[in-house]
Amino acid sequence: MDPEKTAPFELGRGEDACLLLHGFTGSPWEVRPLGEALAARGLYVRAPQLPGHGSTPEALLSVSHRDWEQAAAQALLSLRGYRRIFVAGLSMGALLALRLAADFPEQVHGLALVAPALRFKGPLMWLLKRLRHHGLLERVKPWVFKTGTDVSDPAVLAEAPILPAFPSARLRDLWELQDIAMSVLHRVRCSTLVAVAEQDHVVDPTCGPVLVRGLTASPQVRFISLSTGFHIIPRDRGGPLLASEVGSFFHRLREVTPARPVAATP
């Protein structure tokens, strides 16, 4: 993978900030167009590279969902000097964003959950999740190989940095994050935007309404379903519409949501 493409980034300046979280086996490259759009609307944007991502398949051998959760939490707390903090996550990043909003309600002022990986498509993935505690998958198929990413735009697909394989054991971590996300939905107290792609080949887009119904403590939940583009929405044909929707959603929250003082950590 090209380290320049997959590197973390910081964009923009402003009193309010947005933390951007990429997806499983992905990198900040996936969410950069969204970051650029939010920076243009006056937000400071930070997109970290999650542990084990953006380099080699072997780098994912020594990490787990706990490392990703810790990295996301540290990135959020690093922004505590800003007036308001928003979090946007793609796929697995959306699951991490939900955990942050539930665990740090005073820090997170708004969420954007993009193609949330609450449930994978296909009966095989359903079956494997049921069998995850038996360790059968890791013994029979220790590595999962990839030849591409779920993007409909051929020009974007041609330049996409693609991790060629990942340890199948990490699927257990994804399933764990799915369970955690469902368990904390009722604790999310900030306004939330949920965006799905109707033609997503990775996650089930019907999870979007599931999240909407589960966010019972959120004062406002907006749901959008994009008819163009596949799973990596920020980089695909629906990316400009997504960026406009997320930007407008956060802008409205910046206008009507009073900035809450954030306690400094010792």
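This is a predicted model: local features need pLDDT of at least 70, side-chain atom pairs count only at pLDDT 80 or more; totals for chains, interfaces and linings use all residues.
Trainee: Nice place to start! How many aromatic pairs does a search of the whole structure find?

Mentor: Five aromatic pairs turn up when the whole structure is searched. Take Phe24 and Phe166: their ring centres are 4.9 Å apart and the planes stand at 80 degrees, so this pair is edge-to-face.

Trainee: And where do Phe24 and Phe166 lie?

Mentor: Phe24 belongs to the loop between β2 and α2 (32–40), while Phe166 is in strand β7 (residues 165–167), so the pair ties together parts that are 142 residues apart in sequence.

Trainee: Phe24 first: buried or exposed?

Mentor: Phe24 counts as buried, at 14% relative accessibility. Phe166 also counts as buried, at 7%. The cut-off for buried is under 20%.

Trainee: Okay, new topic. What is the strand order in the open sheet?

Mentor: The seven strands of the open sheet run in the order β1-β3-β2-β4-β5-β8-β9, and the pairing is mixed. At the edges are β1 (9–11) and β9, each of which pairs on one side only. From one strand to the next, the twist averages 15 degrees.

Trainee: Which helix packs on the sheet?

Mentor: One that does is α3, which touches β2 (16–21), β3, β4 (84–90) and β5. The direction of α3 makes about 165 degrees with that of β2.

Trainee: Let's zoom in on β3. In which sense do β1 and β3 pair?

Mentor: Antiparallel, over three bridges. Within that pairing, Leu11 has Val45 in β3 as its bridge partner.

Trainee: What about β2 and β3, parallel or antiparallel?

Mentor: Those two are parallel, with four bridges between them. Val45 turns up again here, as the β3 bridge partner of Cys18. To get from β2 to β3 the chain passes through α2, and this β-α-β crossover is right-handed.

Trainee: Now the β9 end. How many bridges pair β8 with β9?

Mentor: Six bridges, in the parallel sense, pair β8 (residues 191–197) with β9 (residues 221–226). As an example, Ala195 stands opposite Ile224 in β9. Together with helix α9 (residues 207–214), β8 and β9 make a right-handed β-α-β unit.

Trainee: And which way does β8 run relative to β5?

Mentor: β8 and strand β5 (residues 108–114) run parallel and are joined by five bridges. Thr192 in β8 is the bridge partner of Leu111.

Trainee: You mentioned α9. Which of its residues are buried?

Mentor: Cys207, Gly208, Leu211 and Gly214 are the buried ones in α9. They span an arc of only 130 degrees around the axis, which puts them on the same side of α9.

Trainee: Why would residues three or four places apart point the same way?

Mentor: Because an α-helix has 3.6 residues a turn.

Trainee: What about Ala115, what is its phi?

Mentor: Ala115 has a phi near 45 degrees, again a positive value in a residue other than glycine. Ala115 is placed in the loop between β5 and α5 (123–130). Ala115 is buried too, with a relative accessible area of 1%.

Trainee: One last stop, Ser64. Where does it lie?

Mentor: Ser64 is in the loop between β3 (43–47) and α3 (65–77). Ser64 has a relative accessible area of 15%, so it is buried.

Trainee: Which residues is Ser64 in contact with, leaving aside neighbours within four places in sequence?

Mentor: With those neighbours set aside, Ser64 is in contact with Arg170 and Asp173.

Note on methods:
Residues are numbered from 1 along each chain as its sequence is written. Side-chain values use heavy atoms; hydrogens and water are left out. Buried means under 20% relative accessible area, exposed over 50%, partly exposed in between (1.4 Å probe, protein chains only). Contact means heavy atoms within 4.5 Å. Two strands pair if DSSP finds at least two bridges between them. A crossover is right-handed if, with the strands pointing away from the viewer, the path from the first strand over the helix to the second runs clockwise. Axes are lines fitted to C-alpha atoms, for helices over the stretch in contact, and angles run from 0 to 180 degrees between N-to-C directions. The arc is that of the directions from the helix axis to the C-beta atoms. Rings of Phe, Tyr and Trp (its six-membered ring) pair if their centres lie within 6.5 Å; planes under 30 degrees apart count as stacked, over 60 as edge-to-face and the rest as tilted.
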